Every structure is written in structure tokens, then in C-alpha cells.
Amino acid sequence: MRAPLGAHGRRLYMEEKYVPSAVEEKWQSYWAKQNSFEAVEDPARKKYYLLEMFPYPSGKIHMGHVRNYSIGDVIARFKRMQGYNVLHPMGWDAFGMPAENAAIQHKSHPAKWTYENIAYMRGQLKTLGLSYDWDRELATCDVDYYKWEQRIFLEMYRQGLAYKKVSAVNWCPKCETVLANEQVEDGCCWRCDSIVQQKELEQWSFRITKYAQELLDDTYKLTGWPERVLTMQRNWIGRSVGCEIDFPLQGGLSSIKVFTTRQDTLFGATFMSLAAEHPLALELTTAEQRSEVEAFIEKVRKTDRIKRSADDLEKEGVFTGSYCVNPVTNVKMPIFLANFVLMDYGTGAVMAVPTHDQRDFEFARKYDLPLQVVIQPEGETLDPAAMTEAFTGEGLMVNSGRFDGMGNSDAKETIADFLEKEGIGKKTVNFRLRDWGISRQRYWGNPIPVINCDLCGVVAVPTDDLPVVLPMDAAFTGEGGNPLARVESFVNCTCPQCGEAARRETDTMDTFVQSSWYFLRYCSPKFNSGPLDREKVEAWMPVDQYIGGIEHAVLHLLYARFFTKVLRDLGYCNVDEPFSNLLTQGMVIKDGAKMSKSKGNVVDPNALIERYGADTARLFSLFAAPPEKDLDWSDQGVDGSYRFLNRVWRLVYDVLPAIKEAGAPVPGALSAEGKNLRRAVHKTIKKVTEDVEERFHFNTAIAAVMELVNAIQAFGARNAPENVAVVREAVESVVRLLAPFVPHFAEELWAELGHEGVLEQSGWPQYDVEATVDEEITVVIQVNGKLRSKLTVAPDIQEAAAREAALADPKVQPFLEGVSVRKVVYVPGKLVNIVVG
RNA sequence: GCGAGAGUGGCGGAAUUGGCAGACGCACCAGACUUAGGAUCUGGCACCUUAGGGUAUAGGGGUUCAAGUCCCCUCUCUCGCACCA
């Protein structure tokens, strides 16, 4: 039954029963109408930029999104209530392969599929009551977004930060396309099961290596990031310090350059290992070794990347027939090709020191190559003939000429100086990080804005001719490679330089490019004179809190840092690091496994919202675990959260008539019970504030509110006239503290409590320190560290009194009989420990 | 192999600075209300117990008056990297 309406359409009594759908629809439309979450720059207020990683519009929201965005929304609403000017935007990472696959499957168009998904998912996010500034929404597949990216690309090209190079890629001969590493399953194409080949292709790359040092150094400034993410990035960048050393070819003029971090073992280098792809490989091969070497190179090339880097791959190699010379010992070193030497690390050549490197050791044993010990561990004499593994520890230098007797660690620097002085080598820093290959032979991406001219070579599309718009009339058959390459009207063009017929580049950019700067674009999403409005970017950046999955620890989060630095250097912004604080939330697990269709353990957010409402869905996903941990989904747990909201609703319903007219509590006029409840209220405000603000531990914050609700319910004399003010304050506090977690629910009850304005603008509740002070405290009494009794005493009890009371306590007495008290430890306000023996 | 993190009741999880282990919730048990209960309310709920207590935070040792928390060793799990010269 509906409650009767008052004169202004307002119900006279609140609904007895909590109906989530009614409440949620009401407030969602209110927020939309009021544009409640619009972010406007305001120098008078402190800004707070809160961002969750934007989703790929795959079709519908899953529970991982619900969790991610609920966490973000709590922080956004909390900060807003605290008075911050909050920017909380949302958008779509909208280019990518699945759209193309769906188009092939449904004989549709990637754009149609993508925009339909966006429309649907936007609706789902709105149903969750997330407080986004929807006016800033962007989709990376919008021309208005990607055209600016093309402009950035061209500027990077001019600066030498974007360049074309030949690199090895995974190639499916049937699909005629490049595959990402993760699309290769057991060496076969994930779609057609053909054997994936390694292919050398001309690819566009970004020179991220130029920023390697800065990207590494600045990880030490990111104090708001989880340590493990920083560690992963540092490992990925992989800086190592060592030397480049030239080994002259025997009888030849040229030399082979190696990179080593172990120049201290140079005197023990007895042979040379080159990568199979090393440019000198064939040149160095003698006639009699030719067939063997060619067979080896072919074999290595055929082995795919995954197998090649597998742990159990046996070390193999082949002798080229040529020799080089160890520049410090003049020993003749046979030159081998070895399958474990990587062309894309260092120089693709390794000086082999079998006595002090395990890989070289295994290789030398297999091919019967000489061993020379140059580091002796203390108290032991290594005999090359008897060694079963390389010695990689510390020791004293031997067989190393003038360096004999030095500690090998100390010798590193000395030898490096020596090599530089002699012109044999030089100190270098080498990075594991490689340039970022961004070419994709796919349609649904941002076209790389260049033109290939037979006469002029690669020619940038003039800025005035931008954007290069992705043509809509491509055919999606799943065969014949990149659909874009078959759109004649797109491909055929004239060279902007010479005017002759030319072909447009049909590679599109990796989708990680779009996600590398979307957070900057959010600051001025509609700016139409460039990618970024510098003033707006300066007003909002950096992102104060970024939230997303750990799976992007290296890829996205490294690319975004790189891109921000590039944009800074191009003059678009003044930001060094885009994300001040990073929260990596855990996965949503059910029945011990990640939710997946094949496991049949998927929870559908729509069904959940329909049955319980968004507030319950949010509450449970926040309550069940702290954000950085995996969340174990439990249907019964959801019931529990729903029950809690119903309990709060009923509590308000029950007390409303009595407290309607109540004012603020007058501390001096309270009963003892009233005082206790008020203390609980203010302690709860304190705890919730701290848990949310300092730790993002929403689970304990919610638990604290639950405790307070239990306390209000247990509060016996709540309708007594002297207590109604306390009850009102208590109930209102519950509602206000719940606002960031269950915003519709809280707004509704706030209105029912008779407030005219919206709750979110009423400010975050402040606790009264005075009210939190205990009147009496419990002091624990231990005997030899074991709990024996408890004392209830005044908070200001003196040490002597506490000791005396403890020793006199009847429950403690039996434990003091027949023994002597050796010591009494007193921790003020906490415990007395009587040590006996 | 290297690096990081974790291991607490039947379950998810609390314990923020070394000071009452198990908050809060779920499940379960008993009771009340009820035609009924998958609603609601009340109470119970780590384990053992001779009812005094005793034992418990993966296992073992240590520091301390006091250890889930600090130190050492071992085991298990998760994640990341993995021939990086």
C-alpha cells in the first residue's frame, strides 16, 4: 500500500518497505536532471581527479567492472562530500580486434557493434548509480578522438620518436595478419590453428627506449603506487650496467662488439656466441661450414618465440669456421652461433666465459670448448676439468694479468677503466626495454597517417589533411588479411610531396596508444583546437587516484607514463607522471575460480540489480574484501548485504515519528545510555572516515556502520524524550556514512528524515572528539602473559592504583599463591602483566 | 631458478603502533512470532575440557613481561620475470 501524499506531492509517511528499483530510478533521474556530477574547474577548491581504467565495450558489464567502478565511486563521492572538486570521467577503449571478429561472425560492421555495445553498457553503468560526469564521455574510435592522436603521431614522427623498422612478428599465413603474442596458442593461430611463423615485417615503432632512464628513475617518485607494480616496471625496463667490448676478427679488419656486465671475466672468454640473426653470421661462415650453419639458422628461425624462450630448450649451436681474438689475452676464440643468444638484447653477441656463466658452461661441455678459470672462490681451487657447473660467486681474480689478486667485484670498475683507456671497449648502460611496435594489420584501429610513395618514400600526411578517416565501406570476410588494405578508395591517394600516385599506409595503431593519453583528453574532451587544452590539463592533472586491474602493471601503465612524458616534451602539458596514486584491485572469484562462461560461474550484474538493486550489488562488492584482494563472490553474502539495508530502512521507519522534531543532542543533558550511544556514533564516524580516507578499507568501514546499527537497535530507551536527539543523530550519521557506498539508498533516507537539500552536498560528518572520550576503560590483567581478569576503571587511572587493583583482583589471587611476584608491567590504559615465578 | 606477496574458525574476512585473537558478515544450531517461512526477532557458535582451565593464527626455532604482528629455518599457495650476457 502506498502512503498518502501531502500537499506538495510529498508523502506524509515513508514507505514501510524498501523497494530498491523505485529509489534508484528516482535518484538516477534526479542526478541526470541536475547534472550533479559535472566537473567545472574551480581554483577556489581543491581538485581531485579520480579515474578508473576505462572498459573495452565488449558487450556488457561484468562483475569485475562492477567492483572496479564501485570502488572508484566510493572515493569520488567521499571526496565530493569532503568538499573536493572532483573530476570523475568515463569513456570507452573502443578500438580493437573483438569488434572485427564480431563483424566477421555477424556479417556486420565493427562500428555498429561497438557503438551498440557502448550504448548498452552506458545504460548499465547508469543503472549502477556511478557518479560520472557524462558530458566528458569519450570513445577512442570517435574521429574527434583519434584525429588528435594522428596529430600526436606526426609530431612524434618529426621528432624521431615514431619510426619504421623491420622487426620479427608472429604471422599467421592463413589469416594473413600479425598476431599478438597472446593470440598465439602453442605455436598455432588461435582462430584457424595454422602454425604461426616468424616473419620480418616493416613495422612502425615508438622510441620508448629513449625514455628508459627517465621511466626508471621516476618509478622512485611514485610513492603512491604498489611496490610490486613498480618492481615489475623496473624489471621490465631492465637496466644493466656493463661494457661494450670489441673482439677483433682473426685476420680481418673488423670486429665483433659484445655487451657484458661481467667484464671482470674477460680473461676467461674462450669463445664467442652470436645470435642466429646476427648480421655477421653468414659473412663469418667458411665454405665448409656453410651448409651446417644455414641449416641451423633455418631451424632457429622456424622455432617460434614461445618455444625459443622456453626453459627446457636445449642449448645448441654451430661453429662458423671463423675466429676472433680475445683483446686482452690474445687467445684465439672460435665463433659459434648459439640458439640462446638473442638478437634484440645487447649487441646480439656474447663473449663466452664457460667457467663463470652457466649457459656458456653447458655450451662448452657440449661442444668441447676450452675453459679458463679467472675467479677463484676463497678457500677452494677450481679445476676446469673437474667443474660440474659454472662458478658465479665472488672471489679473487686469477689468470688475469695485472688484475690478479683483486676482488672480482672491485675489478669490474678497474677493468672497465682499463678497456676505455686502451680503446678496447667502453662503459655502457643497456636496457631490456625494447621499442614499442605499434603497427597492426587490422581495420578497427587508428590509421597511421602516412603515405608510401614510390618516389619519395614514407611521407607524412600534412596536418591540414588530417584526419585520415577510417573508411566505413570495408568488407569483413575474415580472409585476405587487413580489410583496410582492400579499400581502394582509401589506399589510393596522391603523394603530398610530388603529386604522383601513392599508397596510403593501411597499418593501424595498437589500441594501447589510445589508452595512453585518454586521461589527459578527459580534462578537455571537447577541445577543438588541439589534442589538449593546456590550461585545463594543468587544472586537473595529475590523476590523484587511478584504479584498475593488476594485469596492466607493465603494458598500459608503462605506455601511459611514456606518452605523458612525450606529450610534455612536445609542449602539450607540464606533467611528468600521470598517476599519483594507483590502486590495483583484485579479481572477482566464484567457487574458487575467475568468473568465466566455460566455468559456468558467472554472475550477471543485470540479474543482480534487478533482484536486489544496485546499492546491494555495490555494498556487497565493497564489503566482502578489501579492494586490493581478490573478492570471493557469495550469493548468500549478497543476501546479507540486502538484509542489512532492509534493517536500516526499517530502523528509520520505526524511529521516524519519534525523532522527527528532535534537535541536536545537548551533551550535558544525556542519560548514561544516551551518552554511550553518542560515543558509539562519534567513534564510528572517526573510524569510517579513517578507513575510507587513509586505507580504502571499505569492508571495515561498512562493518563499523553495521555495528552502529546494531547498537542503535539495542538501545533500549530510544523513545524516551531525553534520548530522541541522540537517536536522531545516530540514525542520521548511519545514513550519511553510508552515502558513498549506497548513494540512492542514503539520499532517499536523508530526504525521509526531512532534509531539503541533497545528502551529498551536506558535507561529510565530523566527529566530536569530546564525545568519543571514554568514561571508563577496560584494563586487562595478565599473569605471565595469560589473560586472567579485567578491570573497569576510570581512563585517568594512575599506575600505582592499577597495579594495586590488579594484584588484589580476586580472579588473579589463585595464580599468585605459592609463587613470588617478580615484576609487574603496566601499559597505560591497556593492561597489567604480573610476572611470577 | 630469481623476485614479490600470502597462509588466521565451516566460509569471506577483522586485529592500523608488539598489548584482550576471531570485529562485521555468511553458514549452521536453538528458541520466539506464525496457517506457513527461504520474512523478522532473541540467543548460541574456534577447538579440547574433569568446567578449575587448557590449546590455538601453515610447521619448527628465537627475541620479549607480552608475538598473528619482529628475527631465523622449513613447507604450501598465488602472482610476476624467466636463457637478458
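User: What should I keep in mind about the model and its numbering?

Analyst: The model is predicted, with local features needing pLDDT of at least 70 and side-chain atom pairs counting only at pLDDT 80 or more, while totals for chains, interfaces and linings use all residues. Residues are numbered from 1 along each chain as its sequence is written, chains are lettered from A and ligands numbered from 1 in the order in which they are written, and side-chain values use heavy atoms, leaving out hydrogens and water.

User: How many aromatic pairs are there?

Analyst: The count comes to 45 aromatic pairs, where rings of Phe, Tyr and Trp (its six-membered ring) pair if their centres lie within 6.5 Å, and planes under 30 degrees apart count as stacked, over 60 as edge-to-face and the rest as tilted. One of them is the tilted pair of phenylalanine 206 and phenylalanine 562, at 6.5 Å centre to centre with 45° between the planes.

User: Where do phenylalanine 206 and phenylalanine 562 lie?

Analyst: Phenylalanine 206 is in strand E9 (residues 197-206) and phenylalanine 562 in helix H16 (residues 555-569), so that the pair links distant parts of the chain, 356 residues apart; helices (H or I, at least four residues) and strands (E, at least two) are DSSP runs, numbered from the N terminus.

User: Are those two buried or exposed?

Analyst: Phenylalanine 206 and phenylalanine 562 are both buried, a word that means under 20% relative accessible area, with exposed over 50% and partly exposed in between (1.4 Å probe, protein chains only).

User: Why is the pair of phenylalanine 403 and phenylalanine 418 edge-to-face?

Analyst: The pair is edge-to-face because the planes of phenylalanine 403 and phenylalanine 418 are at 75°, with the ring centres 5.4 Å apart. Phenylalanine 403 is buried, as is phenylalanine 418.

User: Which residues come nearest to RNA strand B?

Analyst: Thr261, Tyr345, Arg359, Lys687 and Lys790 come nearest, of the 53 residues around RNA strand B, where a residue is near a molecule or strand if one of its heavy atoms lies within 4 Å of it. Of the atoms of RNA strand B that come within 4 Å of the protein, sugar and phosphate account for 66%.

User: And which helix gives the most to that surface?

Analyst: Helix H21 (residues 698-714) gives the most to the surface near RNA strand B, with six residues.

User: How far is arginine 788 from a phosphate oxygen?

Analyst: A polar side-chain atom of arginine 788 lies 3.0 Å from a phosphate oxygen of RNA strand B, and for arginine 359 the corresponding distance is 2.4 Å. Arginine 788 also lies over the face of phenylalanine 815, at 3.8 Å from the ring centre; a charge sits over a ring if NZ of Lys or CZ of Arg is within 6 Å of the ring centre and within 35 degrees of the ring normal.

User: Changing topic, which peptide bonds are cis?

Analyst: A cis bond joins leucine 466 and proline 467, with omega about 0°, and the peptide bond from methionine 541 to proline 542 is cis too, with omega near -5°.

User: What is the phi of phenylalanine 696?

Analyst: Phenylalanine 696 has a positive phi of about 55° although it is not a glycine, and phenylalanine 696 lies in the loop between helix H20 (672-695) and H21. Phenylalanine 696 counts as buried, at 13% relative accessibility.

Methods: A polar contact is a pair of N or O atoms within 3.5 Å; within protein, one must be able to donate a hydrogen and the other to accept it, and residues adjacent in sequence count only if both atoms are side-chain atoms.
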